[in-house]
Amino acid sequence: MDKEYTKMDAGLLHLTNKKVLLKLIKQKGQISRSELTRITRLTPPSIARIVGELAEKDQLVEYVGVGNSNGGRPPVMVKFKNEGNYIIGIDLGATYIRGCLVDLNAKFISEIQVPTEINNGFEYIIEKVIQVIGKLESRVEDGEKIWGVGIGVAGLVNNKTGIIESSPDFGWSNINLRKELENRLNLPFFYDNSTRLMALGELKLGARQDLKNFAVINVGHGIASGLVVDGKLVKGEKGFAGEFGHISVDTNSPIRCKCGMNGCLEALASGHRISALAKLEVKNNNSDQLKQLSNGNPDLITAEMVVKAAKMGDATSIRIYNEITEYLCKGIGTISNLLNPEVIYIGGGISLSGKFFFDLIEQKKSNYLLPQNSNVQIVPSTFGEQATTIGAVSLVLKELLNLKLTTK
Ligand SMILES: [Zn+2]
């Protein structure tokens, strides 16, 4: 350890130690300075100086008096300062723009949801995002601080250039979101693909932060995934790893995907596909329940209506769900046999269908899994509808804990 450090200059060494201490204090919640000394093997004066800096300059930790002593001097206790420090998370989706203001423990302080109204075009949508951020900013009191804004966007975000190269949901290509937002936001901001952020959110803030190998599958209007292997989010060369919706699950399918290929998982098993199949059935008079739920207008049918009808026992809706879960299990089999994850989280609108949906997945999954991989657990994502906003929060939190937002 010492050998490695001899190559660093004093400033870099200080920064490295500071990051280690900040992460340790965050992880423990509350800890004594002497315990920090014992764990890190830094000297007590170094610990006192760095903790002092984190408390006074950065306002990220605070002293909480003295703890119990075992006869010697009572230990000085410090804690991570969640309260009064906030992050804004935004989920920029094709249907809704969701925003949340959370403390550094990801506790919700405030949230907003507005329809995206995608047909009004790019400028309108960006303006709406700015307004949501502005409203959330206004809910913070004097003396409190928002450290940054994270944004999850449905599209392929090139991690090297920041360009959204393609977003079929929005009909965008080659959008420079950084350029669009930098003159209009007075906070640091970061963005990435919404599903990759769902996986980051599970990794950093989810129910099982001990997991080293897992996948998040986002089944909503489209289908994508975020993959975590050996404790790291897989990004690939440009950040496009995980485009699970575009693996072919039926090469003979006449159904054309938005990407131009035939038989993609997204074309055959997304929320869009569920409603498309149901519309066709209603037009052919094959489901009284769906007809009723949509007030006789097939164009109003949504995937939520189909699951509702299926739960009521509608044979047509059950058949549709049987078909799409079969395809999803083909995809799940591919991910499981390729990466051997311990857990597969399913997020996105379709995952909100509940037990009915997850039971179908359980019934069918073994058809596509090696027996040795069949113990993979398939569960709903930790944060439900907020999976992307919390993922976006975790993107900012990562920067904060690496002291990228403090020491400039
Ligand atoms: Zn495709």
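User: Is Phe122 buried or exposed?
Analyst: Phe122 counts as buried, at 18% relative accessibility. Buried means under 20% relative accessible area, exposed means over 50%, and partly exposed is in between, with a 1.4 Å probe and protein chains only. This is a predicted model, in which local features need pLDDT of at least 70 and side-chain atom pairs count only at pLDDT 80 or more, while totals for chains, interfaces and linings use all residues. Residues are numbered from 1 along each chain as its sequence is written, and side-chain values use heavy atoms, with hydrogens and water left out.

User: How many aromatic pairs does a search of the whole structure find?
Analyst: The search finds 6 aromatic pairs. Rings of Phe, Tyr and Trp (its six-membered ring) pair if their centres lie within 6.5 Å; planes under 30 degrees apart are stacked, over 60 edge-to-face, and the rest tilted. In one of these pairs, the ring centres of Phe122 and Trp172 are 5.1 Å apart and the planes are at 80 degrees, so the pair is edge-to-face.

User: Which elements do Phe122 and Trp172 lie in?
Analyst: Phe122 is in helix H5 (residues 122-137) and Trp172 in strand E10 (residues 172-176), so the pair ties together parts 50 residues apart in sequence. Helices (H or I, at least four residues) and strands (E, at least two) are DSSP runs, numbered from the N terminus. Trp172 is buried as well, with a relative accessible area of 9%. Phe122, Phe170 and Trp172 form one aromatic cluster.

User: What about Phe214 and Tyr345?
Analyst: Phe214 and Tyr345 form an edge-to-face pair, 5.5 Å centre to centre with 90 degrees between the planes. Phe214 is in strand E12 (residues 214-219) and Tyr345 in strand E15 (residues 343-347), 131 residues apart. Phe214 is buried at 2% relative accessibility, and Tyr345 is buried with a relative accessible area of 3%.

User: Switching to helices. How do the axes of H3 and H4 cross?
Analyst: The axes of H3 (residues 33-40) and H4 (residues 44-56) come within 9 Å and cross at roughly 120 degrees. That makes H3 oblique to H4. Axes are lines fitted to C-alpha atoms, for helices over the stretch in contact, and angles run from 0 to 180 degrees between N-to-C directions. Under 35 degrees counts as roughly parallel, over 145 as roughly antiparallel, 65 to 115 as roughly perpendicular, and the rest as oblique.

User: Which residues make the contact of H3 with H4?
Analyst: Arg33, Leu36, Thr37 and Thr40 of H3 and Pro44, Ile47, Ala48 and Val51 of H4 make the contact, where contact means heavy atoms within 4.5 Å. By class, the contact has 5 nonpolar, 2 polar and 1 charged residues. Ala, Val, Leu, Ile, Met, Phe, Trp, Tyr, Cys and Pro count as nonpolar, Asp, Glu, Lys and Arg as charged, and the others, Gly among them, as polar.

User: And which residues of H11 and H12 meet?
Analyst: Ala303, Val306, Val307, Ala309 and Ala310 in H11 meet Ser317, Ile318, Ile320 and Tyr321 in H12. That contact has 8 nonpolar, 1 polar and no charged residues. The axes of H11 and H12 come within 7 Å and cross at roughly 115 degrees.

User: Which residues are buried in H13?
Analyst: In H13 (residues 355-365), the buried residues are Phe356, Phe357, Phe358, Leu360, Ile361, Lys364 and Lys365. Their cover includes H11 (303-311), H12 (315-339), E15 and strand E16 (377-380).
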